[in-house]
Every structure is written in structure tokens, then in C-alpha cells.
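Here is a short briefing to read alongside the structure.

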Amino acid sequence: MTAAMADAKKRRAAEAALKHIPAGSVLGVGTGSTVRFLIEALAAHSGLVRAAVSSSNATTTLLDAAGIPVLDLNDVADLPLYIDGADEATRARHLIKGGGGALTREKIVAAAADRFICIVDDSKLVGVLGSFPLPIEVIPMARKLIARWLEARGARPVWRQGFVTDNGNHILDVHGLTIADAPTLEGDLTGLTGVVTVGLFARRPADMLLVGTDQGVVTI
Ligand code: 5RP
């Protein structure tokens with residue numbers, strides 16, 4: 001699949017999400033190349049959203065350029081919908097996210113929203129999560145400690161060197177996981193001291209997946 005073909009599917013998924021946005025609402029907006037198409041579509045439908053809550057500095061920059069006001073989550077009482085991409089997704093709507101390193105703010109905005117619609121191209125749909133290395137945001141001083149714990153469980157954590165999250169933390173990308181029970185693993189890893197956020201979105205999964213394909217968009 002060429003990049004242009006993948007982009008066409010991402011754009012299809014992003015545009016299919018528009019009809020689910022309550023008119024005049026504040027929208028939670030995720031991060032990544034699929035969300036970039038969503039922001040383009042929002043810019044073309046001026047007034048569809050009143051404002052946005054952003055999940056990353058990168059998304060805030062795009063929203064600013066699109067002329068969409070960005071609100072602090074602390075100032076928003078009602079967030080009916082969050083729309084974001086994913087790195088992997090199952091038919092149970094469990095996700096791996098954080099390829100772009102924005103997992104913590106993404107998880108916060110997803111938790112705050114009444115509904116979470118995930119927009120992906122069909123290359124992201126998998127039977128079992130884990131081929132994509134699982135991102136974990138960690139407090140920098142705990143990086144090696146957490147890496148040793150993960151290694152003891154048979155996983156292979158790789159430090160995303162040179163990358164600092166919007167929150168000033170580090171990312172471990174964990175290879176070698178076959179994630180049969182995503183909600184349990186999410187809980188276990190989140191409980192490790194020094195872990196800020198695990199890129200598994202299973203305890204609060206997406207409510208709807210919009211999957212862009214060559215033929216159109218499949219809703220799960
Ligand atoms: C960023 C994310 C993104 O949603 C994920 O990486 C998918 O990105 P893209 O739409 O570029 O494939 O979790 O932290």
C-alpha cells in the first residue's frame with residue numbers, strides 16, 4: 001500500500017466522523033496523521049464545532065491554524081465526543097495508541113468525553129494487539145527500573161531516545177507482547193510505580209471504530 005493510498009483511507013475515516021459531531025459542541029481532538037485529515041475537514045465546515053479540547057501541542061498548533069478555538073479541559077463542563085486515531089485496533093474496540101507520543105493527554109481527553117470515536121485505515125485492524133510496540137510514558141528517573149520489570153516479564157522495552165513528551169516524560173516502546181487480555185494488562189502496567197500512562201485503551205475502549213478502506217468506511 002502506498003502512502004497516498006493509506007492517506008485516502010485515513011481521509012475517508014476522518015470525514016465519516018463528521019456526521020457524528022453534535023453541531024456547535026466542543027470536540028475533543030486527538031493526535032496524528034489521521035486526525036490531521038479530521039482537522040482539515042473541520043476547517044472546511046466552519047462553525048460545526050464551537051471549540052476544541054486538544055490532546056497535544058502538535059494538535060493545538062493545527063487547530064490554531066484552522067481557526068478553531070482551543071479550550072483548557074478544566075474550563076469545559078460538557079465534552080460530548082472525542083475523535084482520535086490509533087496504531088492498532090481490534091473488533092472489541094481495544095486500541096494501542098501513543099505512536100505519536102501523545103498517549104497521556106489522549107487518555108485524559110478520552111476519559112472526559114461521553115463518546116470516543118476512533119478513526120483508522122484498515123491496516124490498523126488486527127486480531128490481537130501487540131505487533132505494534134506498546135508505548136508506555138514513564139517518569140524519566142524510573143525509566144530503567146520499569147524497563148527491568150518489563151524485561152523480567154519477557155517483554156523487550158526500547159527507550160524512544162531523543163523524544164520527550166508534552167508532559168516532560170520519556171517513552172518506552174515495548175516489543176514482544178501478544179496481548180490476549182488487554183484490560184488486565186492495562187491495569188497491571190498502569191499500576192507499576194513510575195508509569196504515567198500505558199498506550200492500551202481497553203478499560204475505556206473506543207465506542208465506535210470508523211475504518212477507512214478502498215471501498216468506503218466500515219463502522220464497528
Ligand atoms: C498519537 C496516537 C495516534 O492516534 C496514533 O499514533 C495513530 O496515528 P496516525 O493517525 O498518524 O496513524 O496515538 O499518540
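The notes below cover the sheet, the helices on it and the salt bridges. Please keep in mind that this is a predicted model.

**The sheet**
- An open sheet is built from 7 strands with mixed pairing, in the order β3-β2-β1-β4-β7-β13-β14.
- β3 (70-71) and β14 (217-219) each have a single partner strand, so one side of each lacks a neighbour in the sheet.
- Inside that order, β4 (residues 81-84) runs parallel to β7 (residues 115-121), and the two pair over 4 bridges; Leu 81 sits opposite Arg 115 of β7.

**Helices on the sheet**
- Helix α1 (residues 3-16) packs against the sheet and touches β7, β13 (208-212) and β14, with its direction at about 160° to that of β7.
- Helix α4 (residues 103-112) also packs on the sheet, in contact with β1 (25-29), β2 (49-54), β4 and β7; its direction makes about 150° with that of β4.

**Salt bridges**
- The structure contains 7 salt bridges.
- One of them joins Arg 11 and Glu 40, with the closest N and O atoms 3.2 Å apart; this pair connects helix α1 to helix α2 (residues 33-44) across 29 residues.
- Arg 11 is partly exposed at 34% relative accessible area, and Glu 40 is partly exposed at 40%.
- Arg 204 and Asp 207 form another, at 3.1 Å between the closest N and O atoms.
- Salt bridges with shared partners also tie Asp 84, Lys 97 and Glu 106 into one network.
- Within it, Glu 106 and Lys 97 meet at 3.1 Å, N to O; Glu 106 is buried at 3% relative accessible area, and Lys 97 is buried at 2%.

How values were computed:
Residues numbered from 1 in each chain as written. Predicted model: local features only at pLDDT ≥ 70, side-chain atom pairs only at ≥ 80, totals over all residues. Heavy atoms only, no water. Pairing = 2+ DSSP bridges. Contact = heavy atoms within 4.5 Å. Axes fitted to C-alpha atoms, helices over the stretch in contact; angles between N-to-C directions. Salt bridge = Lys/Arg side-chain N within 4 Å of Asp/Glu carboxyl O. Buried < 20%, exposed > 50% of the residue type's maximum accessible area, 1.4 Å probe, protein only.
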